Amino acid sequence: MVFKEILTKNLQKILFLLGFFSLWLIPGYYRLNLPYLFWGLYLLLVISYFVLYQPKKKWFVFIKVNSRFFLFALLYFFVVTGVALFHRQLAGMPPAIVYLSVFLFSAYTAFLGQEDIPRLSESYFKGLWYSSLFTSLYMLFEVGMHFFRYEALNLILFPEFMLRAAGDHTYFNEDYTFFPYLGRPLFRPGGLSWDPGLTTPALVLVFILVFEGMLEVPWRRTGLALLFVAILISTSKTAWGGLLAYAVSKFFWGILDSFPKTMRRWLESAAPLAGLVFFFLLGFLLRPGANSHSAVFHLSYFSSLYYLSRATLGEIIFGFGYRRTGSFFHTYVPGTKENPSFSVHSHADVESLLTNVFLWGGLAGSLYWIYSYSKAYSKGSRSQKIWLLALLALAFGYNFHTLWFLISYHLFLWQVLLSNEKVSQS
């Protein structure tokens, strides 16, 4: 029993550390970094706990009760791996394996939180809170180094071999679309990453969690102010859009209070669909031309799903797989292949998570994402619904299919479902 107590405490500690290092996409060796190191440690501890102490019968009952989630998740995994093997795109295999491991072990984490070890998910999100604070401070130092020494902090602190995860992407991000400051374009700090689009969405989601009271943390006011400043100085349109979506959702919910109950429920339910329609129409209004800015391409990615009508039946049903959504644009979307502003090659994914969700696994694979999101949204409280709406806006703006996103989304998903289950049983 002493060993069980030690193992239980270590599960909570490793989850906290996993949360804290989730936004540390560098330093590392290519894609092998600290988040994956702590994820591996957590998997070992969870497997040990499952083998030694967990009654298997309860776990299988949990799977049976939530069978649709598991069936759709397995369907998604087999679809994207099957497409990767069919096209001999081995680079699409690791993301699929990471996805499945996160789904299974986040489900088991939620199960343990319900049965044996409470507050496991909270340990992760608290770690993510401290990671967001550290990232925000780091971004402030990045901006200072840029304006006073005109150097990139990441290039100073880490040797070249620990920065290779970025590939051809620079760590010296400057944005020329905004006004110059002190004779220089604005710097885009990304924290311990090569692009703010990979980390700042996490700052927005953590900001909402804490501001809405879904996560109790120390230094709440100071921390929220710090996160807000970091989001602003990032000049990340994705993060700004997510924060704007949060503000609009809060305003929208305030107005709904004056509506009759039946109409209010209907409008709340229709909000995600309204968001999708808005993003779709926005892309059509801003169709990229021969000399369009790359930002116009970003805004039109989602509306380009219209051209799936030109794809083969197999591609419509099973999609294009990880690392291949660029091939859809090159093959079926007019003007993208020849336009120099569209820099995504055929063996890469476009920078829009929302678009990729419908292209990675096609109609069959996207069932998991549609079902899990709609289920969480329908079961969630007002604050949880607002968090999910902000996530939808963030996913439209950039492809942050990273470990922190997968873990955060799935732990949040199970937290919503199981907390709602407890309320209905009480």
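The model is predicted, so local features need pLDDT of at least 70 and side-chain atom pairs count only at pLDDT 80 or more, while totals for chains, interfaces and linings use all residues. Residues are numbered from 1 along each chain as its sequence is written, and side-chain values use heavy atoms, with hydrogens and water left out.

Start with empty space. Rolling a probe the size of a water molecule over the atoms shows where such space is left. The search runs on a 1 Å grid over the protein atoms alone. A cavity is a set of points where a 1.4 Å probe fits but cannot get out. A pocket is an open set with protein on both sides within 12 Å along at least five of seven lines. Lining residues have an atom within 4 Å of a point. Grid points are joined across faces, edges and corners, and a volume is the space filled by probe spheres set on the points.

The structure holds 1 cavity of 30 Å³ or more. The largest cavity has a volume of about 40 Å³. Its lining has 10 residues, and Phe 297, Ser 300, Ser 304, Val 333 and Thr 336 lie nearest the centre. By class, this lining has 6 nonpolar, 3 polar and 1 charged residues. Here Ala, Val, Leu, Ile, Met, Phe, Trp, Tyr, Cys and Pro count as nonpolar, Asp, Glu, Lys and Arg as charged, and the others, Gly among them, as polar.

Three helices, α5 (93-115), α6 (120-149) and α18 (403-425), each supply at least two lining residues. Helices (H or I, at least four residues) and strands (E, at least two) are DSSP runs, numbered from the N terminus. Helix α18 gives the most to this lining, with 7 residues. The lining of the second largest pocket has 11 nonpolar, 7 polar and 4 charged residues.

Charged residues lead to the next topic. Side chains of opposite charge can pair when their charged atoms come close. A salt bridge is a side-chain nitrogen of Lys or Arg within 4 Å of a carboxyl oxygen of Asp or Glu. The whole structure has 6 salt bridges. One of them joins Lys 250 and Glu 212, at 3.0 Å from N to O. This pair links distant parts of the chain, 38 residues apart: Lys 250 sits in helix α10 (residues 237-256), and Glu 212 in the loop between α8 (196-211) and α9 (220-233). Glu 212 is buried, at 17% relative accessible area, while Lys 250 is partly exposed, at 38%. Buried means under 20% relative accessible area, exposed over 50%, and partly exposed in between (1.4 Å probe, protein chains only).

Other salt bridges share partners, and they join Arg 119, Glu 122 and Lys 126 into one network. Arg 119 meets Glu 122 at 3.7 Å, N to O. Lys 126 also bridges to Glu 122, with the closest N and O atoms 3.4 Å apart. Lys 126 and Glu 122 are 4 residues apart in helix α6, so about one helical turn separates them. Arg 119 is exposed, at 62% relative accessible area. Glu 122 is partly exposed, at 24%, and Lys 126 is partly exposed too, at 29%.

Next comes a contact across the sequence. Leu 276 lies in helix α11 (residues 261-285) and is partly exposed, at 22% relative accessibility.

Finish with the backbone. A cis peptide bond joins Ile 26 and Pro 27, with omega about 0°. Pro 27 is in the loop between α1 (2-20) and β1 (28-29). Trp 219 is not a glycine, yet its phi is positive, near 55°. Trp 219 belongs to the loop between α8 and α9 and is exposed, at 58% relative accessibility. Arg 323 has a positive phi of about 70°, again without being a glycine. Arg 323 is in the loop between α13 (313-318) and α14 (325-332).
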